[in-house]
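Thanks for coming, everyone. I have one structure to walk you through today. Please look at the display first, and then we start.

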Amino acid sequence: MLAPADASGGRSYLQILRSTAMIGGSSAVNILFAVVRNKAMAVLLGPAGVGLFGLYGAIADLAQTLAGLGVQASGVRQIAEAAGSGETRRVARTAIVLRRISLLLGLLGAALLAAFAVPISGITFGDAQHAAGIVLLSAAVFFRLVSAGQTALIQGMRQIASLTRINMLGALFSTLIAIPMVYFLGTDGVVPSLVAMAAVTLLTSWWYARKIRVEPQPMRPGEIAAEVAPLLKLGFAFMASAFLTVGAAYAVRLIVLRHDGFAAAGLYQAAWALGGIYAGFILQAMGTDFYPRLTAICNDDRACNRLVNEQARVSILLAGPGLIATLTLAPIVMRIFYSAEFEAAVGILRWICLGMMLRIFAWPMGYIVLAKGAQKIFFWTEVAATIVHVGLAWLLVSSIGLTGSGVAFFGLYVWHAVLIYFIVARLSGFRWSGENVRLGLVFLLASALVFSGFLALPGLQALGLGLLMTALTGLYSLRMLLGLVPRDRLPVPLRRWVRETGQVDGGHPP
């Protein structure tokens, strides 16, 4: 049973649930479009074509991260701080500089990718055959970086509804554009579809960003420099971290490609995409609403730690049952989203689901480091994570095959979750609440039990165990989540059920 909570605790949980539901709703729509898009790509291109799609996407991610200099992430932080101060002139100055620098970085990033297309093709594919495709891909990098500046403004102003619409419209138009391109052009349509999808994202972000009224501000060179300096200073730490993360993903794809070829890269891409789909909307909500909220109170360690515990609790309750369901139904999910040709990726997917469960625990803690602007700590934790991830992938893929790529991801988050906990304990005095410790044990043990069942039991018995755990953890999560919401906000039948199961009004703030 949960202890009574004060009104602020109930409001905080309600805010987390509301923002997660809004982002999660848009993510659910995105998942539906992803089902259609992935299925079409799998049928039209096969595992090798999906692998090619993933490699081009990884190149674009790497170029975007490097050229973006972390300005999107630092821009969110500066816009959120400016908005929190209530100074409209300060918000306007930051917004103007953010837009201009995003445009400049977009042009620079596209030019650099085009200029180095031949060596990048050699490193990735082993020859210069794909250099022309990489030159065309530079347009996608430009569109993405300009769009990132727009969405940073929207996110910093906490325009959550606009962000959800951008996500949904982007997913819709991307699906409508990408499938015909690949249908008519085959593998030659892979890069044009990536460019078209980036262009659509830019258009939708521009449409909503223009609704944020920013008064023109005459700015002298010194004032521009004063705005740019903190953007780039903090942004560089973000960029270095993101570059290591994206670079690690790129390196793992290359390890898989070199070991087993394009088809294996496609299997890894499929498992990676499916493993992150359900957890993705939780993690996206963290970055969209939780991060600006945490930044606003980052100097109050007690409030900061309470908010992280609250966010972690909601995230675990929302993500846990879905990850256990994905782990249980991995072969069916793989067939639905892709095709029977991709069933060899089921083992990778299950290991990635275990890693994602740990990721849900680790990410809320990691935002403490971001919110406090601890750049060196942030950077070196990412360096360690990259070394662990790539090192494990290299060792395990070469020794146990393709499944090793999934085991490496799980091993990464065993390491990272422990490391980040000790770091934030020193940084802000963070401790897991007793409720979250018990919650973590429930979901980690349930996940381990289901995973072990597929190793030790006959197929139908393992499936039955997984379905039972999915149902039990789903009901448990629903019961706990309803207990976090003030009772007067619930429909009458749910109020009665909450009362009968022993929950009390408003939850208990950690």
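Predicted model: local features only at pLDDT ≥ 70, side-chain atom pairs only at ≥ 80, totals over all residues.

Start with helix α10, residues 301–328.

Now look along α10 for a bend. There is a kink of about 30° at A319. Is α10 mostly covered or mostly open? Mostly covered: 24 of its 28 residues are buried.

Step back to the whole chain. The protein chain has 17 helices and zero strands. It counts 510 residues, and 56% of them are buried. Now take contacts between residues at least 6 apart in sequence: 82% of these join residues at least 24 apart.

Next, the core. In soluble globular proteins, nonpolar side chains tend to be buried together. Here, the largest nonpolar core has 133 residues. Which residues have the most contacts inside it? They are Y56, L137, L294, M334 and Y338. Helix α12, residues 346–371, gives the most to this core, with 18 residues.

Stay with M334. Setting aside neighbours within four places in sequence, M334 is in contact with several residues, among them A270, A271 and L274. Its contacts also include F342, V346 and L349. S339 is another one of them.

So where is S339? S339 sits in the loop between α11, residues 330–337, and α12. S339 has 12% relative accessibility, so it counts as buried. Beyond four places in sequence, S339 touches K39, A42 and M334.

Move to α13, residues 375–400. With 26 residues at 1.5 Å each, α13 should span 38 Å. Its end C-alpha atoms are 37 Å apart, which agrees. The buried residues of α13 include F378, V383, H389 and L396. What do the buried residues of α13 pack against? They pack against α8, residues 221–260, and against α12 and α14.

Just after α13 comes G401, with a positive phi of about 95°. G401 is in the loop that leads from α13 to α14, residues 403–428. Is G401 buried or exposed? Its relative accessibility is 15%, so G401 counts as buried. Leaving out residues up to four places away, G401 touches H259 and L396. G401 and H259 are 142 residues apart in sequence. In space, their C-alpha atoms are 8.2 Å apart.

Another loop for you: L457. It lies between α15, residues 434–456, and α16, residues 459–484. L457 has 36% relative accessibility, so it counts as partly exposed. Outside four places in sequence, L457 touches A462 and L465.

Now the rings. A pair of aromatic rings is described by the distance of the centres and the angle of the planes. How many aromatic pairs does a search of the whole structure find? The search finds 16. Y268 and W272 form one that is stacked, at 6.3 Å centre to centre with 20° between the planes. Both residues lie in helix α9, residues 262–296. They are four residues apart, about one turn of the helix. An α-helix has 3.6 residues a turn, so residues three or four places apart point the same way.

Compare the accessibility of these two. Y268 is buried, with a relative accessible area of 2%. W272 is partly exposed, with 22%. The cut-off for buried is under 20%.

Then take F430 and W432. Their ring centres are 5.2 Å apart and their planes meet at 75°, so this pair is edge-to-face. F430 has 0% relative accessibility and counts as buried. W432, at 21%, counts as partly exposed.

Back to Y268 and W272 for a moment. Together with F409 and Y413, they form one aromatic cluster.

Last, charges over rings. R210 lies over the face of W206, 5.8 Å from the ring centre. The charged end of R350 sits over the ring of F454, at 3.8 Å from its centre.

That is the tour. Thank you.

Technical notes: Residues numbered from 1 in each chain as written. Heavy atoms only, no water. Phe/Tyr/Trp six-rings, centres within 6.5 Å; stacked < 30°, edge-to-face > 60°. Helix = DSSP H or I, 4+ residues; strand = E, 2+ residues; numbered from the N terminus. Buried < 20%, exposed > 50% of the residue type's maximum accessible area, 1.4 Å probe, protein only. Lys NZ or Arg CZ within 6 Å of the ring centre and 35° of its normal. Expected span 1.5 Å × (residues − 1). Bend = angle between axes of the 7 residues up to and from the residue. Core = buried A, V, L, I, M, F, W, Y, C linked by side-chain atoms within 4.5 Å. Contact = heavy atoms within 4.5 Å.
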